[in-house]
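Hi,

Here's the structure I promised to pass on. My notes follow below it.

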Amino acid sequence: ASPRVESILSELNLKQKVGQMTQLAGYTVAQDDNIRKIDKTKAREFIELYGVGSFLNTPLSQANIPHIDVPFKPAEWVQWIRDLQSIAVEFGPKIPMVYGIDSVHGANYIHGATIFPQQFALGATFNTSLVAKAAQITSKDTRVVGLPWNFSPILDVATQAQWARVYESFGEDPFLVAKMGVAFVLGSQGDGLNLPTTVAATAKHFCGYSHSRNGKDREPTWIPDTLLYSTWLPPFRSVVDHANVKTFMNAYTDINGVPVVASKRILQDILRDEMNFQGALVTDWNEIRNLHLWHKMARNHTEAVHLSIKRTSVDMSMVPDDTSFSDNLYKLVQDGHISEQRVDESVRRVLEFKEALGLLDSPQMPDPNNPLLDTIGSDKDRAVALDACRESITLLKNDEQTLPINLATTKKIAVVGQSARSLALQSGGWTWDHQGAPDDTPDYFKFGVNFFDGITNAAKNAPGYDDSVSIDYALGCDVLGECSDDDIAGAVDLARASDLVVLAIGETTYAEMPGNIDSLELPAQVNKLLESVLEVGKHLVVILVEGRTRILPPLLLDQIPAMVMAYLPGPEGGTAIGEILFGQVNPSGRLPISYPKFSGDANVQHWRWVSQGYTPAFEFGHGLSYSTFAYSQLHLDASTVTRGGRLGVAVTVKNQGPMDGKHSVLLYVAQQFRWATPEAQTLRGFEKIFLKAGQEAVVEFELLVDRDFSFYGLEEAPTKLALQQGEITIKIGELK
């Protein structure tokens, strides 16, 4: 640590040290009669008496209380931080506090900010530079109002299809998640954390959180070491090694019966000793207390604090709503159960974190006259969000060239489904409110185009548009399946009078445990609506507006001529959907997760062991285009490689037309035989390119033997990377 950090640490008393390890929710310092204002008496008490060093979250987001009020405007955030920081530097230890926020798909708690597609959709772009741009804009919007710490990205690998946080992940593949995670962290942290447009990123949730045995959020996981090291650790290791991520957040779950927040193995041996992470580690919401309330590991809260701090390297407890952590840790040290040296280790890391943010140089008071405030939600920034929508939306089926829509033969278009006319539903959770926006009013959405309006706007710009073209809407059924037979009949009547039907099928908004479901199957009435529309026999385009892969009845799935996966694209998604349906944009998204056809196959990933069956409706990496991209001349620059060596791979890609377009080239590696059953394939490279119709290009990859051909799983050493002599197959498309 720097001399300055050591000097500050030496001047703190025990109560103040414990305060630096304490993080409280914003609502704890809000006025009782006006939650949008700081109660300076409350704030002073926490800071002066307890030395609290960190706060988090919008005060409008409280556990189990959705939609308390409309989101903070930028000026309100600026005043909130200025008022709170003024107290922090005047009272108690006079150390600036650090404020954290979940800006997980744009600065989603700042009214009017640019909202990006959810991470699930960003994974479908296979475009790391686009993800980095999204992170840069998110960081700028977040930092300019005084919030220097972002609890993002999620690096959980989505292996449980019904998990309520699939949409917050980059996908099911650890290599994809790692690459996207590195891009997001580099975009967030930029050239230094003390700059006016950067934030500290947080690698979360470490680790195994996404693999609950029953698919429910925060439920126990069971992860063998081979899978822990090959699947869940690599994304986190990558952001440490290649992006210098500044903070980590531990997972809610337990692994093999040991809650992560009290696991010496996970949070000390692996995180600190093996991965050499030197930054600050914060718990997730209420997680130390959960050792008593949820995990039943501790008999009371005091024992919970003891177990976590004594056994792990946790630096800060997201308490979040009282001084219980501070009181208990203070007493545990005084009574000799935890050493003050252990506390010093964490406080030193917290102070180093604040030093990196520039908070020890100045309080970093947000300037209400900062011209960057005027860039929040700018046309330039929202254009990047629109590009992300365009590159993520995935064409799953296009039988009989149903798409793009041709207005010469299609005059009457029916748009059906609640998701087709809802900015809230197309944006998902963590949008203005933890559980998603309650409505589409300007109080929430300053900008945005829903699918129906996006289709209408695109039609007006399409060849053949004239007064004879009509686009009409029917609800049919809401996303929860709450509708009558008469509601369905009304949608069917509209479909019968149309040349083409666009049916949007989706989910309600949710985040975390409220999004738990018992089945991936859609509500019965939604399936009935789909079946009834299919029976009309008109051209049909189904748009899936969902945060996870909901299963359609297989018999109906096979009958659908055209399907589009929209994911949760955010407010700009309607424009992109319209452009893609009318061929004004060539779709280029690829599935970042396998889309199951049957519930029994829902949790089989493309990287499964080679002896395991794999019969999804749509494979990982699947995505159609209006053009044909052909591969040829797959070339390796060596036929044999050795430990420490490299292999150059090149392939020629040609856009055979008829449209210009972007295309992601995916490279897979497979070992034919080895002493631990090999994966069917592992993703080891991807590159997104743009080719005009008729144009071709050579795409090159470099594989490193020790990195790309190694594996975990030898019975005698499951946590050690191994290399084994044998034949390796390189696959790009159908070429091997």
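The lining of the largest pocket splits into 21 nonpolar, 16 polar and 12 charged residues (Ala, Val, Leu, Ile, Met, Phe, Trp, Tyr, Cys and Pro count as nonpolar, Asp, Glu, Lys and Arg as charged, the others, Gly among them, as polar). A pocket here is an open set of points on a 1 Å grid over the protein atoms alone, where a 1.4 Å probe fits, with protein on both sides within 12 Å along at least five of seven lines; lining residues have an atom within 4 Å of a point. Of the 49 lining residues, Pro174, Ser230, Thr231, Pro234 and Arg684 lie nearest the centre. H8 gives the most, 12 residues; helices are DSSP runs of H or I, at least four residues, numbered from the N terminus.

Bear in mind that this is a predicted model: local features need pLDDT of at least 70, side-chain atom pairs count only at pLDDT 80 or more, and totals for chains, interfaces and linings use all residues. Residues are numbered from 1 along each chain as its sequence is written, and side-chain values use heavy atoms, leaving out hydrogens and water.

On the cysteines, there is one disulfide (a pair of cysteine sulfur atoms within 2.5 Å). It joins cysteine 477 to cysteine 483, S to S 2.1 Å, and its S-S torsion is about -80 degrees, so it's left-handed. Both cysteine 477 and cysteine 483 are buried (under 20% relative accessible area, 1.4 Å probe, protein chains only). Cysteine 207 is buried too, at 0%.

Lastly, aspartate 381 sits in helix H14, residues 379-392, and is buried at 8% relative accessible area.

Cheers

Key. Helices (H or I, at least four residues) and strands (E, at least two) are DSSP runs, numbered from the N terminus. Buried means under 20% relative accessible area, exposed over 50%, partly exposed in between (1.4 Å probe, protein chains only).
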